[in-house]
Amino acid sequence: MIQVNSLTGKRLLLGITGGIAAYKAAELVRLLMQEGAEVQVVMTESACRFIGTATLQGLTGRQVFTELWDTGVLNGMAHINLSREADALLIAPASADFIAKIAHGLADDLLSTLCLARNCPLLIAPAMNVQMWKNVATQRNVATLRQDGMTVLGPGSGYQACGETGAGRMLEPEDLLDRVRSFFQPKYLEDKQILITAGPTFEALDAVRGLTNPSSGKTGMAIAQAALEAGARVTLVCGPVCPPFPAVDKLIRIISASEMFTAVKSEVESHDIFISVAAVADYRPAECHSSKLKKTAAEITLTLVPNPDILQYVANLPNPPFCVGFAAETEAVEQYAAEKRKRKKLPLIVANDAVETIGSNESSLILLDDEGAHYLPKADKNIQARLVMVHIARLYNKHKGCTHHNETS
Ligand code: C5P
C-alpha cells in the first residue's frame, strides 16, 4: 500500500518568527508530530515574546534553539548542523521583516543564518497585517523568494488580530499540514498535461431557473490538487462551484454541459490524460426562455433533450488521451460502473456511492480497470485523490510503455 498521507520519518525544522500567529505554531507542531514527523523548533528573539520556548519544547520533546551563540551545541555550529539533519525548513509564521531578511540573504540571528546555510528546501508561511502584505516592498521580497526556489504557503485572508480584514493571515495549522504533506508527494507525473472536469453543470430553463445537481466539485478539485502535487500541468474545466480552486495552470469556468463540451474539445488535443470527474447533466431543456417564465395555474410539460457524452466523445477520438471516468451510483455500484467502463471503453473508472459521497468531505471508492477491482476504504477526499492519482500514474505509464512498444515494433 502506498503511503500518501503520512509524514512518518520526515525531519522538519520549524522556524518561528515574531508575529501574533506564533501561537498557532504550537498546534502546527502537534499536527506534524501526530503525522509522524520529527520536529525541531528554532525561534527568533521576537517569537519568544509571543510564545514560550517551554510550550514548544514540551510538544516536541526537544530543546528549542534560539541563539546563534548557543554554548550547548558542541561544535558551536547550530546554524549548520540543524539544517543538515532536516528534510525541509518551514518558517511559520514568517513575518514581513523576516521575509525581507531572507530575500536579501541577511544572516544576523540563528534562524536567518540557518536559512542561508541550509541545504534543504525552504517553505515559508507569511503572516502579517494586510497593508504590510500588500506593500510593494513585501510583494517584491515574496517574488524574490519564489524566484529563488522557495515555496510560499499562503497567506490566507480574513479577520486579523489588529482588527483589519484582508490578505496576510497565516494559513490555519490544518491547512499548513496539508501543504507540507503535498510538498513531500513524489512527482510521478512530472510535466504531464492533465485535463480534468469537475463540479455540476447547470442547464438553463429560463433567465433565472435551471436543472442542476448537488455536486460540490470537491472530488474534482481534490483530483486537480493531487495532479499538481504529482508534478503535472493541470487544466481544470469547472462547473458552477464555490472557490477556493487549486492553483491549476488553466482554470476554465463553465455553466452548461454544452459549454463544458466546447472547452474540452478545444483543450483535449494537448493533454496526455483526461479525468472526467464532473457530474454532467445527462439532459437539458429543449427550449431555454430568455426571460423569466410566468406562473400560471396550468401544468407545464418540460421536454428534455440528451446532452453530448463528453467522456465518450474523448475516449472515441482517433488518438485519445488516457481516459479516466467517474461513476456515481445509488445501487449495484460496482456492477453499473463496470458496465459503464466497458461501454465507454475506459482503461479506468472510479466508482462511488452517490448518496454517501455528494457534498461530503469523505468517500469510499472502487477503482475498476483491466486487472479487476481495487477498494479504497472511506477516507478524506484529498487522501483518496492522491491514491487515485498514484493508480492513474501506474496505469498510464504501463499504457504508455505498451503504445510506445507498438509504435516502435
Ligand atoms: O454515464 P454516466 O453519466 O454515469 O458516466 C459518468 C462519467 O461520464 C463521468 O466520468 C462523467 O464525468 C462523464 N460524463 C460526461 N458527459 C456526460 C455524462 C457523463 O463526460 N454527458
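In the predicted model, a network of salt bridges links Glu-35, Asp-178, Arg-181, Glu-229 and Arg-386. Across the whole structure, a search finds 20 salt bridges. Side chains of opposite charge can pair when their charged atoms come close.

Glu-27 and Arg-30 form a salt bridge in which the closest N and O atoms are 3.0 Å apart. These two residues are three positions apart in helix H1, so about one helical turn separates them. Glu-27 is partly exposed, at 32% relative accessibility, and Arg-30 is likewise partly exposed, with a relative accessible area of 37%. The salt bridge between Asp-109 and Lys-101 has its closest N and O atoms 3.6 Å apart. Asp-109 is buried, with a relative accessible area of 19%; this value falls in the buried class because the class comprises residues under 20%. Lys-101 is also buried, at 11%. Lys-250 is partly exposed at 38% relative accessibility, whereas Glu-267 is buried at 11%.

The domain assignment divides the protein chain into domain 1 (11-183) and domain 2 (193-285 + 301-408). The C-alpha centres of domain 1 and domain 2 are separated by 38 Å.

The ligand is surrounded by Ser-276, Ala-278, Val-280, Asp-282, Pro-308, Asp-309, Ile-310, Leu-311, Gly-325, Phe-326, Lys-340 and Lys-344. A nitrogen atom of the ligand lies 3.0 Å from a backbone N or O atom of Ile-310, and a polar backbone atom of Leu-311 is 2.9 Å from a ligand oxygen atom. In the side chain of Lys-344, an N or O atom is 3.0 Å from an oxygen atom of the ligand. Of the 450 Å² of accessible area that the ligand has on its own, the protein covers 88%.

Several loops carry backbone geometry of note. Gly-154 and Pro-155 are joined by a cis peptide bond with omega of about 5°, and Pro-155 is placed in the loop between strand S5 (151-152) and strand S6 (156-159). A cis peptide bond, with omega near 5°, also runs from Pro-243 to Pro-244. Pro-244 belongs to the loop between strand S11 (233-238) and strand S12 (250-253).

Ala-332 has phi of about 40° and is located in the loop between strand S16 (322-329) and helix H13 (333-343). With a relative accessible area of 37%, Ala-332 is partly exposed. For Lys-345, phi is about 55°; this residue lies in the loop between H13 and strand S17 (348-353). Lys-345 counts as exposed, at 58% relative accessibility.

Ile-20 is situated in the loop between strand S1 (11-16) and helix H1 (22-34). With a relative accessible area of 52%, Ile-20 is exposed, since the exposed class begins over 50%.

Conventions:
Residues are numbered from 1 along each chain as its sequence is written. This is a predicted model: local features need pLDDT of at least 70, side-chain atom pairs count only at pLDDT 80 or more; totals for chains, interfaces and linings use all residues. Side-chain values use heavy atoms; hydrogens and water are left out. Helices (H or I, at least four residues) and strands (E, at least two) are DSSP runs, numbered from the N terminus. Buried means under 20% relative accessible area, exposed over 50%, partly exposed in between (1.4 Å probe, protein chains only). A residue is near a molecule or strand if one of its heavy atoms lies within 4 Å of it. A polar contact is a pair of N or O atoms within 3.5 Å; within protein, one must be able to donate a hydrogen and the other to accept it, and residues adjacent in sequence count only if both atoms are side-chain atoms. Accessible areas come from the Shrake-Rupley method with a 1.4 Å probe; for residues, only the protein chains shown count as cover. Domain bounds come from an automatic or database domain assignment. A salt bridge is a side-chain nitrogen of Lys or Arg within 4 Å of a carboxyl oxygen of Asp or Glu.
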